Each structure stands twice: as structure tokens, then as C-alpha cells.
Amino acid sequence: MGKTIAEKILEAHLLSGRMEPGQEIGLRIDQTLTQDATGTMAYLEFETMGIPRVRTEKSVAYIDHNTLQSGFENADDHRYIQSVASKYGIYFSRPGNGICHQVHLERFGKPGKTLIGSDSHTPTGGGLGMLAFGAGGLDVAVAMGGGAYYIQMPKMYKVELTGRLRPFVTAKDISLELLRILSVKGGVGAIIEWGGSGIACLSVPERATITNMGTELGATTSIFPSDEVTRAFLAAQGREEDYVPLSSDPDARYDRVISIDLDALQPMIACPHSPDNVVSVESLAGTKVDQVCIGSCTNSSLEDLLKVAAMLRGKQIAPGVSLSVSPGSKQVLRMLADCGALSDILASGARLLECACGPCIGMGFSPNSGGVSLRTFNRNFLGRSGTKDAQVYLVSPETAAAAALYGCITDPRTLGEMPPVVMPEAFTIDDSAILPPAENGAAVEVLRGPNIKEFPQSRPFADRLEAELVLKVGDNITTDHIMPAGAKILPYRSNIPFLSQFCFRVCDETFPERARAAGDGIILGGSNYGQGSSREHAALVPMYLGIRCVIAKSFARIHAANLINAGILPLTLKNETDYDRIAQGDKLVLTDIRAGMASGKVLLTDETAGFTTELLCSLTKRQQAILLAGGLLNYTKERAV
């Protein structure tokens, strides 16, 4: 039987396990990346392992999240990361050089390689034919030390594209259409391969937009073939030697095949407050818009912004609209400036922001109260923009530019012909803002600021847990609900004690105080608990507050792994009707936990409600050992002795 692209790369990197559905497999990782909101913690964890030098082919530390330096905290973290990178063999991308996924695509990504990053949108690399996964910082630290990265063997989905994109219809619209079809849970447990005759018209940046948005489907990752389009992109980046062809076998089998006709596709828009709340742009035409943001790791490539510049050329944005443009990298910004496109953008009335994540993570440029904001980003979760009552929509750059010009949601197809855009044959190469590590790492001093606190210690699991249900929440709880981002909170990502006061306050402002007072605590959630970012802080902070177990109808993949790594036991409701029987404040007892981990079933007694039920415990032997050791860091230390 033939193999898919993903199966071929998995097989070439397999260190342990069998490539059978549901089986845990361990993979050799070629490359890692971190960003500064998660990187400080990842490098603190790596230091704790006592390994003198990273063992990957390439590891890169990016500064792209916490670039708003309103106090010493972010600057100190950047200094710490730079010194750690130099000491341990990691390349360091300086602030202003660009967003990790955009820069990695430009300068480091290689078809057929494996990549994990402490950012959930690391699958962006799949646009280049990489098998790229978002992961928690601890998993990245272990991979940098030469350890395997573990996942459950995914199912294989394929999306067949036919036809060609029409003017003003984009790769972002393809992503939104698939979200409309599958929902934010529809890709869970699957790798999505993109194919069909329609992919020939998609450039690597367009493919990267699609694989980036695959994260919002809950997919393990997404991947495109490596073909002549890939070769042309790498050649334009001066890296043609990195090209290798990759394709699936003609007789490869897929668990599901979805077809999308590009000829019939129209501009799409995700409404508040979920990426899968998708309708046509046409259906919302005329809705007043207050703010437009163009950029993020999803839509900040040179190709995206050249199209925006062409649409804005010689025009002025509407008086009631505030427009921001964030180039994805220094390369993109320089090339926009050199060809005159940047002048067209600025002359329209747009505000130029730094080559960074910025508004996408609530780091500045928040909307006005109750404002409608159209964004070319990947997430529109409630409050993520920094304004809790804002109405945030997700759109393509072309739809965003049309709204900025007319002050309302506008189908860009009504604007006449799309102005012509010609992509350069070669990109401007300037890696001066990427600092290589020191040759002699032993001589480098690691510089720590006062905001950097020690990694919190978790506890090994006993055979019995008596604890209060300190919080009950609903479906699709995101990591932004659990551990918010934003300009006020992100500077403290290396300070778990300080962060703890913000945990779950979006859902319940009293949660941090009540969790501390309870000692040991349990959380009950609905389906798809922990979707969104890969931030391990959404597990580390609850662990610090005393949470020992999370029970849910179902879990998002990365968050479930992060809970285990933090020493928190994830359990799934066997009977979903039990969700309604358990109330916040109930006294819960879990018994025979060790045996239950092995058997796959743990007994829960709700002493307050007066009933006993079974919970499902889907753990591999390795995950059981991690929990019994009190988390991945303790487990790794024990095995190193």
C-alpha cells in the first residue's frame, strides 16, 4: 500500500512505536523554534536538564511577541534568551527581524524535515513540505536535548483542490471554507494533506497561510507537497539546495477526503468569536467597520502586502477606520520599501506597525469599546484583541483592504479588476539580525533579570485524590480563557507566581483565590477543552495553583500533552450526561489512580451529589510514568541519572 507525504516523513524519523492509528510514536526532530512569550520558560527547562549544547540540526529563538517594552520585564527576557541561545548553540532572531513562522519559512524551513515549535502555528512550515508541529515548551526543550517528540499516530485526511482561485478570492478563503466544513474540532487527531490540481496555482506563502490556519481545525499538522512551486520559492530565497521533491504515492489511503472547487469559492469571513463561525463576505456587506488590521503569521508575506498596496494605491482609507499594517519580516518590510509599495500603504492613511505579532496577541492596537475589527489573523476569541466587547472578524488581506477603503464590510469582487501584482524573482537576503551561537558556549554567561522565576515544581501522583471541583466551564475553552495573553500579562510569562492571579479570570474572577484556598483542585470542562495556543502556561499556572486533575468531554491535543507534562491528570467523561450531574464546589474523590491509569478507567465518586461513575484515562505507559514522576521535567531528570 502506498504512503502519504506525512507517512513518508514519519517513517524516516521514527524512533519508537508503530505507525498504527492511535499508537504512540516517538519522532526524531530536526529543527526547533521558540518565541519569546514561551521561549523563556522553554530555555529555563532546557537549562535544568544540564545538557551543554542542543542536539538538533537547527534551533532558532525568535523575539516577536513581547516587543512592547513598557518596563524592564520584556527586555530582560530578551537578554536572557539571547545569552542562552549563544551558550547552548541556538540561533537568535533579534526583535524587529520578524515573526517566527514567516522568518523560518524564508530562511530555515526545509522540505521533508521535522520541526516542533513552542507556538501552536508552527504547522505554517507545512506550506514548504515540512512536518511541523506546535508543542509545549517542555517538549521543545526535550527535543533540543536530543529526545524524541511523542504524538499519537494520526489519521490521514486529504483536501483535494480543483479549479483556480478567481480575482479577490484567496488562500485565506480556502482556510475559512474548510473551517466552515469541519469546525474547530474537525481536524483533531488528523494530519491534513493538501493536493489536487488546484494547488498548482498556490504559492508557498499562500500554502503557508493554509497550513497556519490548520491549527484552528485542531489538526495535528497540515502539509503540502514539495514541488516546482517549492523549488522556485527556495531559489528566490537563495536556498535552492534545500529543495527535495515530496509527494504522496498514487495508491496512498486516506481516512477522509474533502473536495473544494476553487472556481466556486467566494470571499469568506469568520464572525465573532470563533474561527469556524464562517459565512460569505457578501452576506455581511454594509456592516460598519471601526478598525482593520493586516498582518500576523497568517497573512503578512510580501505577496499579501503587495496586493494590499496595489489596492490602496492612490486611495485614502475611510475617515472612521483605523488601519494597521504589520509586515511579517524585515525582508518583507525592506522589499516593500525598495519597490515603493510601502509608500502606497502609508499614503493611504495606514499605520505601520513593527514586524511582530502585535495586535494578533493583544499586544497593542486594541479596538475601541464595542468596535468592529476586521483582521487577517487566525483567531478571534473573545477578548483576545485586548477589548473584551470588541467584535472581531477574520478575513483575507483583500477583504480587509476593501473594508478599510469603504468603512464597511465590502465584497472585494465589487471593486472592479484586481490591480496587477508581480512577484520578484529573487528576495532581498539580509541575515544580519540572525545571530549565530558562540563557538565556545562554556565561556558565555547567562543573564537573568529579577522577573525570571524558577520553574514551578509539580508533585508525583498518589493512588487517591480528594479535591474540590473548583471550576466548571463549557465547550471550546481556549488557552486564552485559561491563561490570557495581551500587553498587561505577556511580560510575566517567566514569572508563574505573578501570572497565577490572571488564571481563568476571563471565566471566573475568583478562580485564582479559590484554587489556592482549596489546596488540591479539579476542573471540569466540556468538549475540545484547551483549544488554541500551545502555551504551556495554561497547564503550568493551574498546576502552580494546586490543580491536580482536569475532567472534560474531550481535549485539544497540545493542551492534553501539556497537562501531562505539568503533572496534571487529564480524564475524559465516559458518560457525557455526568457533566450535568457534577456541580462546581462538589467534593470529588478519585480512587485506585495507578491501576486506573493502566486499565484506562478511573473511578470518580461525587460525595456531594452522591454518585459514582467511571472516567476514561487514555494514557500511554510513558505518559503514566510522567504523571507518576510528577511531570515531564522530573521524569526526564530521573531517566538521566
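**Figure 1. The largest pocket of the predicted model.** The space in this pocket comes to about 1200 Å³. Its lining is made of 48 residues, and those closest to the pocket centre are Glu24, Tyr150, Ala561, Arg622 and Gln623. By residue class, the lining divides into 25 nonpolar, 14 polar and 9 charged residues.

**Figure 2. Helices and strands that line the largest pocket.** At least two lining residues come from each of the helices α5 (137-144), α17 (557-565), α20 (621-629) and α21 (632-640). The strands β8 (149-152) and β24 (569-573) also supply at least two residues each. Which of these elements gives the largest share of the lining? Helix α21 does, with 7 residues.

**Figure 3. An open sheet of 4 strands.** The strands lie in the order β11-β10-β9-β12, and their pairing is parallel. At the edges are β11 (221-223) and β12 (256-261), each of which pairs on one side only. On average, neighbouring strands of the sheet are turned by 20° against each other, direction ignored. Strands in a sheet are held in pairs through backbone hydrogen bonds, and the pairing is either parallel or antiparallel.

**Figure 4. The pair β9 and β10, with helix α6 on the sheet.** Strand β9 covers residues 155-162 and strand β10 covers residues 190-195. The two run parallel and are joined by 6 bridges. In one of these strands, β10, Gly195 is the bridge partner of Glu160. Helix α6, residues 171-182, packs on the sheet and touches β9, β10 and β12. The direction of α6 makes about 130° with that of β12.

**Figure 5. The parallel strands β3 and β4.** Strand β3 is formed by residues 31-35 and is joined to β4 by 5 bridges. Across this pair, Thr34 stands opposite Ala61 of β4. Is strand β4 mostly covered or mostly open? Strand β4 (residues 58-62) is mostly covered, with 4 of its 5 residues buried.

**Figure 6. Helix α10 and the helices it packs against.** Helix α10 spans residues 330-339. Which residues of α10 are buried? They include Lys330, Gln331 and Val332, together with Met335 and Leu336. After α10 comes Gly340, which has a positive phi near 90°.

How values were computed:
Residues numbered from 1 in each chain as written. Predicted model: local features only at pLDDT ≥ 70, side-chain atom pairs only at ≥ 80, totals over all residues. Heavy atoms only, no water. Pairing = 2+ DSSP bridges. Axes fitted to C-alpha atoms, helices over the stretch in contact; angles between N-to-C directions. Contact = heavy atoms within 4.5 Å. 1 Å grid on protein atoms, 1.4 Å probe; cavity = no way out; pocket = protein on both sides within 12 Å on 5 of 7 lines; lining within 4 Å. Points joined across faces, edges and corners; volume = space filled by probe spheres on them. Nonpolar A, V, L, I, M, F, W, Y, C, P; charged D, E, K, R; others polar. Buried < 20%, exposed > 50% of the residue type's maximum accessible area, 1.4 Å probe, protein only.
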